[in-house]
Amino acid sequence: MRVTPFSAATILLFAIASPLHAQGIEIFAGYSANADYVQNQPAILVADQKVSPFFSHGSGPTGFEVSFKYEVRNGLGIKVDVSGYSDTFPPGPAAYCQTDGSSSGIACGTGLTFHATGRAFYVTAGPEWKIRRGKRFAPFAHALAGIVSTRSTFMMSGSDVQYTNPFTGGVLLFTSAGFPPERSIQYADAHADAGLALAMGGGFDIRLSKRIGLRAAMDYDPTFLVRPVFPDLTPDAEGRVHLQPAPNERQRQDHVRLSIGVVWKIMAR
């Protein structure tokens, strides 16, 4: 039998929580947005490698969060949290480049447009502590750890490509192998990755009835994904930039997650 991260977290939850002291189960479901603090680049230069990893941020403005908390005693419990996010980057200019005999050493096919998307799925678990449980306003805090799985895609196309030297911004895809000088160009690639994810923060519940309440929460969510490191593009003495593949390193990406939704409490028998 294969044990997934979610099933392992669920087993851990029920193994730690003693039924003798359980006060109930809280279920939360709501809308969630995950903002990343990956630095924006005026131009992305990609040489002889996939483009999609440059758009793997582990975040997205639209998503969901669902959590299950098994309460042990006095507001302290074990929580399993699942969330997912989608990010669609706005279309932008792109260029397909190759070496030539000009003074710059590079000729680019301009007039192309790129589209990129990113998806992220989180599974984390850990302790949560809530105070003022019997009150209308009940704050809580948690510290969770788990995994994040991401997938990003990149597509570039153009139907009237002009091979010239200027390049002003956007995505520049360079290959040393050379491209046929065709007027119609299409290119696509995809990238998947997984890494450690943390969630440290909290929020508050506003009770609407004995079992139903509203919840607002905010977390600091660092992820540790493999992403390309932007290379040094300083021109040499002849004014030429030597493009080469960017090295890939596992780096920390900083995120802030905001969630709002409904929390439902199931009382223990």
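Colleague: Where is the place of Ser-67?

Modeller: In this predicted model, Ser-67 sits in strand β3.

Colleague: What makes Ser-67 count as buried?

Modeller: Set the value against the cut-off. Buried means under 20% relative accessible area. Ser-67 has 2% relative accessibility, so Ser-67 counts as buried.

Colleague: Which residues does Ser-67 touch, leaving out those up to four places away in sequence?

Modeller: Ser-67 touches Glu-26, Ile-27, Phe-28, Lys-79, Val-80, Asp-81 and Arg-215.

Colleague: Let's turn to charges. How do you know that Arg-257 and Glu-65 form a salt bridge?

Modeller: Here is the idea behind it: side chains of opposite charge can pair when their charged atoms come close. For a salt bridge, the side-chain nitrogen of Lys or Arg has to be within 4 Å of a carboxyl oxygen of Asp or Glu. In Arg-257 and Glu-65 the closest N and O atoms are 3.6 Å apart, so the pair passes that test. Arg-257 belongs to strand β13 (residues 255–267) and Glu-65 to strand β3 (residues 60–73), so this bridge ties together parts that are 192 residues apart in sequence. Arg-257 and Glu-65 are both buried.

Colleague: What joins Glu-128 and Lys-69?

Modeller: A salt bridge between their side chains, at 3.2 Å from N to O. Glu-128 lies in strand β5 (residues 106–130) and Lys-69 in strand β3, so parts that are 59 residues apart in sequence are tied together. Glu-128 and Lys-69 are both buried.

Colleague: And how far apart are the closest N and O atoms of Glu-128 and Lys-79?

Modeller: They are 2.8 Å apart. That is within 4 Å, so this pair is a salt bridge too. Since Glu-128 is in β5 and Lys-79 in strand β4 (residues 76–99), the pair ties together parts that are 49 residues apart in sequence.

Colleague: Are Glu-128 and Lys-79 buried or exposed?

Modeller: Glu-128 has 1% relative accessibility, so it counts as buried. Lys-79 has 2%, so Lys-79 counts as buried as well. There is also a network: salt bridges that share partners join Glu-65, Asp-81, Asp-219, Asp-221 and Arg-257.

Colleague: How many salt bridges does the structure hold?

Modeller: The structure holds 11 of them.

Colleague: Now the rings. How many aromatic pairs are there?

Modeller: The count comes to 7. One of them joins Phe-55 and Phe-89, with 5.0 Å from centre to centre and 70° between the planes.

Colleague: How do you know whether Phe-55 and Phe-89 are buried?

Modeller: The cut-off is under 20% again. Phe-55 has a relative accessible area of 6%, so it is buried. Phe-89 has 16%, so Phe-89 is buried too. Phe-55 and Phe-89 also belong to one aromatic cluster with Phe-114, Phe-154 and Tyr-187.

Colleague: What makes you say that the charged end of Arg-215 sits over the ring of Phe-140?

Modeller: The charged end of Arg-215 is 4.3 Å from the centre of the ring of Phe-140. The distance cut-off is within 6 Å, and the charge must also be within 35 degrees of the ring normal.

Colleague: Which residues have the most contacts inside the largest nonpolar core?

Modeller: They are Val-51, Phe-55, Phe-114, Phe-154, Met-156 and Val-171, in a core of 17 residues. Strands β2, β4, β5, β6 (137–158) and β8 each supply at least two residues of this core. Apart from it lies another core, of 7 residues, including Leu-45 and Leu-172.

Colleague: What is the bridge partner of Leu-45 in β8?

Modeller: Its partner there is Leu-172. Strands β2 (residues 43–47) and β8 (residues 170–174) run parallel, joined by 5 bridges.

Methods
Residues numbered from 1 in each chain as written. Predicted model: local features only at pLDDT ≥ 70, side-chain atom pairs only at ≥ 80, totals over all residues. Heavy atoms only, no water. Buried < 20%, exposed > 50% of the residue type's maximum accessible area, 1.4 Å probe, protein only. Helix = DSSP H or I, 4+ residues; strand = E, 2+ residues; numbered from the N terminus. Pairing = 2+ DSSP bridges. Contact = heavy atoms within 4.5 Å. Phe/Tyr/Trp six-rings, centres within 6.5 Å; stacked < 30°, edge-to-face > 60°. Core = buried A, V, L, I, M, F, W, Y, C linked by side-chain atoms within 4.5 Å.
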